[in-house]
Amino acid sequence: MNKAFVKESDGDDDDLEGALPAIPAGTKNYMTPQGHKRMKDELLRLIDVERPEVVKVVSWAASNGDRSENGDYIYGKRRLREIDRRIRFLTKRLDLAEVVDPSVHHGSDQVFFGATVTYENQAGEEHTVTIVGIDELDPLNGRISWISPVARALTKAREGDSVVLRTPAGLDELTILDVSYPVP
C-alpha cells in the first residue's frame, strides 16, 4: 500500500501526552508505591516480553519477501511503534515520579495524598474517594487524581470539616465524614 494512503507518522510527536492529564508545571509526578510498581512492571513486561515477540514476528515476516502486502510485517511494525511509544511514555513518567507512601499518615484525620476520604455533599450523597497520582486515577472506582478539583478542595482539611468545591453548576459544600490511610 502506498504510504500516501496510510495516516501514520514516523515521528515521535504522538507520544501519548494527551492520554493522561499533564503534570502541572513546577510540580512532581506524585505516585503511590503500588502505582509506581504497576507502571514499572508494565514497562519491564513491554521491554522483556512483548517487544522481543513482535520483533521476532516482524523479522520473520520481512524474510518472506514483498513487504508492501505482507500483513504480518505491516501490523507488526505498527504494533512495534505502539510498544516503543508506550515505553517512552512510561520511562518519562517514571523518571519524573516522586513516590509518596501514604501509610506515614496512618492514624491522622487530615487529608493528604493517598488518603481515602468519605464525604457528603449538600444533596446528602455520600462519596468515598482515594487521592492518588495522575497516572493511577480510576474515577469509576473512586480513585481521583491529586490535581482534581475535589482532591484539591479536600486536601489539608480534617475529619468533620466542611470545604467548598467550585463546580460548573456552582458552589457545593462537602463535609468530610472519614479519613483513612493504609496501615504501614
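## Helix pair

In this predicted model, helix 1 (residues 33-62) packs against helix 2 (residues 71-96) with the axes 9 Å apart and at an angle of about 155°. Angles over 145 degrees count as roughly antiparallel, and the two helices are therefore roughly antiparallel to each other. Their crossing is left-handed. By class, the contact of helix 1 with helix 2 comprises 17 nonpolar, three polar and 10 charged residues.

Five strands form an open sheet in the order 5-4-3-7-6, and the pairing is mixed. Strand 5 (143-145) and strand 6 (162-167) are the edge strands, each of which pairs on one side only. On average, and with direction ignored, neighbouring strands of this sheet are turned by 45° against each other.

Strands of a sheet pair through backbone hydrogen bonds, in either a parallel or an antiparallel sense. The pairing of strand 4 (residues 126-132) with strand 5 is parallel and extends over three bridges. Valine 132 has serine 145, in strand 5, as its bridge partner.

## Confidence

The average pLDDT of the protein is 87, and 89% of the residues score at least 70. Residues 1-7 have a pLDDT below 50, and this stretch has four contacts in the model beyond near neighbours in sequence. Over residues 9-18 the pLDDT likewise stays under 50; for these residues the model has 14 contacts beyond four places in sequence. Where pLDDT is low, the predicted coordinates should not be read in detail.

Key: Residues numbered from 1 in each chain as written. Predicted model: local features only at pLDDT ≥ 70, side-chain atom pairs only at ≥ 80, totals over all residues. Heavy atoms only, no water. Pairing = 2+ DSSP bridges. Helix = DSSP H or I, 4+ residues; strand = E, 2+ residues; numbered from the N terminus. Axes fitted to C-alpha atoms, helices over the stretch in contact; angles between N-to-C directions. pLDDT = per-residue confidence, 0-100. Contact = heavy atoms within 4.5 Å. Parallel < 35°, antiparallel > 145°, perpendicular 65-115°, else oblique. Left-handed = near helix turned anticlockwise from the far one by under 90°. Nonpolar A, V, L, I, M, F, W, Y, C, P; charged D, E, K, R; others polar.
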